[in-house]
Amino acid sequence: MSKVVLAMSGGVDSSAAASLLRQAKHDVVGVFMRHGQADDSPPTDGCGCGLSEASKKQGCCSAADAADARRVAESLDIPFYALNFEREFDSIIDDFCREYAAGRTPNPCVECNTRLKFGKLFEYADAVGAEFVASGHYARLEPADDGEVALRRGLDESKDQSYVLFGVRRDYLKRLLFPVGEYRKEDIRRIAAESGLRVAEKKDSQEICFVPDQDHARFVRARLGDYDASGEIVLSDGTVVGKHDGIEKFTIGQRKGLRVAFGEPRYVLRIEPETRRVVIGEREELACREFFAAKANWLTESLPAEKAFACNVKIRYRSRAYPARVTRLAESRFHVSFEEPAYGVAPGQAAVCYDGDRVLGGGWIE
């Protein structure tokens, strides 16, 4: 029987993971990572379902979610602790806002997984003598032919979260457990229900837990205070076609919300933080054949250095993977050359490399 520290969010996935680990006879310790940013209204059970209104609407990191996680732990007879990571999470939020202010499109979920869930949580696991760290991510870990532990896509492709896990340290893979990765979402809800867990029908969490209304621009402005990033909307030839009230409202490839009328759709081609200009154009102008990425993290030692190798590259969490040739460079950088044009390549987003369903590694688009 192995001792496992499990990240519990109060949602159905991590709760089902707790049940599956218990069924496998592991000694499980549940940990809720409190960051102090979400709605901390006290939980209520007025509807009789055992879930607060806040948790049913939001589903990540609030006091209501902590209460849901605690109930699950009590139901499964698991020791439960809430750890305060507010200081560490503040740095992730500051980076998120700085990136938007610089005209880039950040992905804080990758940073949270890398620095907190599978960073600080491993430190906690070592402190309590736990062999493994587990979570409710839809991903799989399997022995590879090269003798390494391979991070692979989750069985449920519609829920796969392997993209946001590329930053995990390679030496941690052998100590990670993803119990729900071998199941489909409907099966996980069934497992939770059969285990008597009231969170079985709880809604999935929002994309970014600290922006519950998903209004990124409003959040950035509130966080940065006295901040003006308004400017002009221009065509690729420099023709001014409109005004905007902040570059933080835009991302590369965006089509909706431009507030500029044309006979055909226009897309954001690039964002110029120095001039505060947002450049728009036709879809063909958005095509990208190559780019560089930095701060690479590779999950296998078998990749060649400074020699191109074939793989598929995802440029966003919900994008498809594009066939490409990737070359590892010095200083943790790499170059991506697509076999066909990719659309919506945005600085600040993660570029993740796959060999079939195996995550080879990734980095941040420059």
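Helix H5, comprising residues 108–127, contains 20 residues and extends 26 Å from its first C-alpha to its last, close to the 28 Å expected at 1.5 Å a residue. The expected span is taken as 1.5 Å times one less than the number of residues, and helices (H or I, at least four residues) and strands (E, at least two) are DSSP runs numbered from the N terminus. The structure is a predicted model, in which local features need pLDDT of at least 70 and side-chain atom pairs count only at pLDDT 80 or more, while totals for chains, interfaces and linings use all residues. Residues are numbered from 1 along each chain as its sequence is written, and side-chain values use heavy atoms, with hydrogens and water left out.

A bend of about 25° occurs in H5 at leucine 121, the bend being the angle between axes fitted to the seven residues ending at a position and the seven starting there. At the N-terminal end, H5 is capped by asparagine 107, a side-chain oxygen of which lies 3.2 Å from the backbone nitrogen of cysteine 109. Beyond the helix follows glycine 129, with a positive phi near 75°. The buried residues of H5 are Pro108, Val110, Cys112, Asn113, Leu116, Phe118, Gly119, Leu121, Phe122, Tyr124 and Ala125; buried denotes under 20% relative accessible area, exposed over 50%, and partly exposed the range in between (1.4 Å probe, protein chains only). Leucine 116 of H5 is classed as buried because its relative accessible area is 3%. Its C-alpha atom is separated by 23 Å from that of arginine 318, 202 residues apart along the chain.

H5 also contributes to a pocket. The second largest pocket has a volume of about 430 Å³. Of its 22 lining residues, those closest to the centre are Glu99, Glu111, Arg115, Lys295 and Trp364. At least two lining residues each are supplied by helix H4 (86–101), H5, strand S12 (287–298) and strand S17 (358–365). The lining comprises nine nonpolar, five polar and eight charged residues, where Ala, Val, Leu, Ile, Met, Phe, Trp, Tyr, Cys and Pro count as nonpolar, Asp, Glu, Lys and Arg as charged, and the others, Gly among them, as polar. A pocket is an open set of points on a 1 Å grid over the protein atoms alone, where a 1.4 Å probe fits, with protein on both sides within 12 Å along at least five of seven lines; lining residues have an atom within 4 Å of a point. Grid points are joined across faces, edges and corners, and the volume is the space filled by probe spheres set on the points.

Two further buried residues form side-chain contacts. Glutamine 349, in the loop between strand S15 (334–343) and strand S16 (350–355), counts as buried because its relative accessibility is 6%. Its side chain reaches the backbone oxygen of proline 106 at 3.4 Å. Arginine 140, in strand S5 (residues 139–143), is buried at 13% relative accessibility, and its side chain makes a polar contact with the side chain of aspartate 357 at 2.7 Å. A polar contact is a pair of N or O atoms within 3.5 Å; within protein, one must be able to donate a hydrogen and the other to accept it, and residues adjacent in sequence count only if both atoms are side-chain atoms.

Positive phi values also occur at residues other than glycine. Aspartate 77, with phi near 60°, lies in the loop between helix H3 (63–75) and strand S3 (80–84) and is exposed at 61% relative accessibility. Glutamate 306, with a positive phi of about 55°, is located in the loop between S12 and strand S13 (309–314); glutamate 306 counts as exposed because its relative accessibility is 61%.
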